[in-house]
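Dear colleague,

I am passing on the structure below, together with some notes on what was found in it. Please read the notes with the structure open beside them.

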Protein chains: 2
Amino acid sequence: MGEPRRRDSARTRKLLLETARRRFARDGYAATTVRDIADEAGANVALISRYFGSKEGLFEACLAAAADSVRGTQDGDVALEGLGRSIARGMAGVSSAHGLPEVLLLSLRPSGDEQAERARIRTLSSYAERMAALALPEGAPLPDDLHLRGQVLLATALGVAVLRATPGLGPITSATEDQLADALSDVVSALLGRGPGPLTQP
Amino acid sequence: MGEPRRRDSARTRKLLLETARRRFARDGYAATTVRDIADEAGANVALISRYFGSKEGLFEACLAAAADSVRGTQDGDVALEGLGRSIARGMAGVSSAHGLPEVLLLSLRPSGDEQAERARIRTLSSYAERMAALALPEGAPLPDDLHLRGQVLLATALGVAVLRATPGLGPITSATEDQLADALSDVVSALLGRGPGPLTQP
DNA sequence: TAGTGTTGTAAGCACACGTTTACATACACC
DNA sequence: GGTGTATGTAAACGTGTGCTTACAACACTA
């Protein structure tokens with residue numbers, strides 16, 4: 001393989017997509033302009049329309065790509081005991097730039113589009129359910145209060161992603177994976193550990 | 001006191017402020033236009049500039065007002081044991097429209113303005129610190145890991161506010177104060193309860 | 001009632017937005 | 001080399017934005 005082609009639509013498309021993911025996650029959909037994205041990607045504005053149809057189309061592509069990359073880096077099957085660390089790894093790990101936090105941050109910005117909205121809700125919902133299901137024997141039906149607790153755990157992850165993306169905020173922005181894992185593991189066992197009410201140590 | 005004046009700048013100002021609080025919290029700063037706000041408040045666009053100087057000024061007024069109203073409805077001095085319920089009350093209580101969730105939702109939307117940005121971060125920071133301080137004897141200095149845990153708790157509150165504002169999402173949107181209090185109390189004692197590492201029951 | 005400051009309105013300004021168009025250039029193939 | 005298509009560029013379009021201006025309607029006091 002020789003020099004990279006000076007004109008390479010695949011590369012340009014990918015560059016636009018990656019830049020858009022970063023900007024949408026950092027600044028939100030409405031606050032990000034297509035010219036911002038194009039300039040930062042070193043491309044022309046018109047190419048966004050060409051490759052993604054519209055700003056909306058670009059955003060949906062970002063959502064899809066982010067969901068894919070988190071599916072990729074996801075630990076195959078985590079037990080309840082490892083869930084806290086798994087979330088912490090998603091937050092602080094090497095893949096954090098294109099991983100869990102990005103999906104979460106993208107997921108909290110309503111795009112205005114009906115279809116993207118439903119996809120967003122479905123994604124969030126299934127996350128919460130899968131985490132809550134770890135507290136049950138495989139295949140057991142998910143009771144409503146555990147579903148709620150799964151969503152509170154999801155809320156924690158979402159909030160941590162938001163706060164970690166806030167520069168100048170205290171320790172949480174600079175916390176290591178281990179430090180996060182400490183706190184998050186406690187939250188996981190408090191929410192999904194056996195027995196209702198205050199956690200009882202086995 | 002006689003009939004209300006047909007022209008009442010105080011009333012108009014308040015109307016604009018309340019509408020802005022609702023819209024900024026629901027749609028975010030960038031996605032909300034001053035014409036949206038003025039129309040919904042039944043006022044003229046120019047009055048926003050007159051009363052608040054600019055859209056930015058209006059947003060800062062919203063932040064301040066929201067911080068005030070949560071200070072008002074806040075339980076005077078909560079102990080660590082009551083913190084979970086106190087947060088749940090803030091989330092689900094009668095004041096939820098103008099209470100905790102609103103401050104949190106306003107706090108997660110960067111406005112683009114430097115000064116508002118600092119106020120936002122200061123608000124978040126002090127929340128986390130006050131909550132974390134409940135785990136210590138009065139006046140004791142706040143160690144860094146507890147500070148972090150306070151911020152994770154804040155993250156949970158923020159995430160719950162976001163998810164509760166997401167229509168169509170599962171149980172968390174419709175959960176009662178009691179149901180939320182159950183889960184949140186567990187999170188509080190897991191994060192701030194005595195002793196590091198996994199919670200040990202006294 | 002005449003005068004005066006306050007409150008509200010309508011129109012417009014300058015600019016940034018998303019998108020489209022018309023055109024230039026690099027590449028692949030003959 | 002010559003030709004057709006893929007790729008990239010520059011400029012413009014229409015619209016919506018935040019904000020200002022010029023003016024009208026009201027409330028109040030003398």
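A polar contact is a pair of N or O atoms within 3.5 Å; within protein, one must be able to donate a hydrogen and the other to accept it, and residues adjacent in sequence count only if both atoms are side-chain atoms. By that rule, five residue pairs (both at pLDDT 80 or more) are in polar contact across the interface of chain A and chain B. This is a predicted model, in which local features need pLDDT of at least 70 and side-chain atom pairs count only at pLDDT 80 or more, while totals for chains, interfaces and linings use all residues. Residues are numbered from 1 along each chain as its sequence is written, chains are lettered from A in the order in which they are written, and side-chain values use heavy atoms, with hydrogens and water left out.

Between chain A and chain B there are two salt bridges (a side-chain nitrogen of Lys or Arg within 4 Å of a carboxyl oxygen of Asp or Glu). A:Arg149 forms a salt bridge with B:Asp186, and the closest N and O atoms are 2.7 Å apart. On the side of chain A that touches chain B, the largest share, 14 residues, comes from α8(A) (helices are DSSP runs of H or I, at least four residues, numbered from the N terminus).

The contact (heavy atoms within 4.5 Å) takes 42 residues from chain A and 42 residues from chain B. In chain A, A:Leu148, A:Pro171 and A:Asp186 lose the most area to chain B, together 16% of what that side buries (accessible area, 1.4 Å probe, lost on being put together). Because 100% of the interface residues of chain A are also interface residues in chain B, the copies meet through the same surface.

With regards

Key:
Buried area is the accessible area (1.4 Å probe) that two parts lose on being put together, summed over both. Helices (H or I, at least four residues) and strands (E, at least two) are DSSP runs, numbered from the N terminus.
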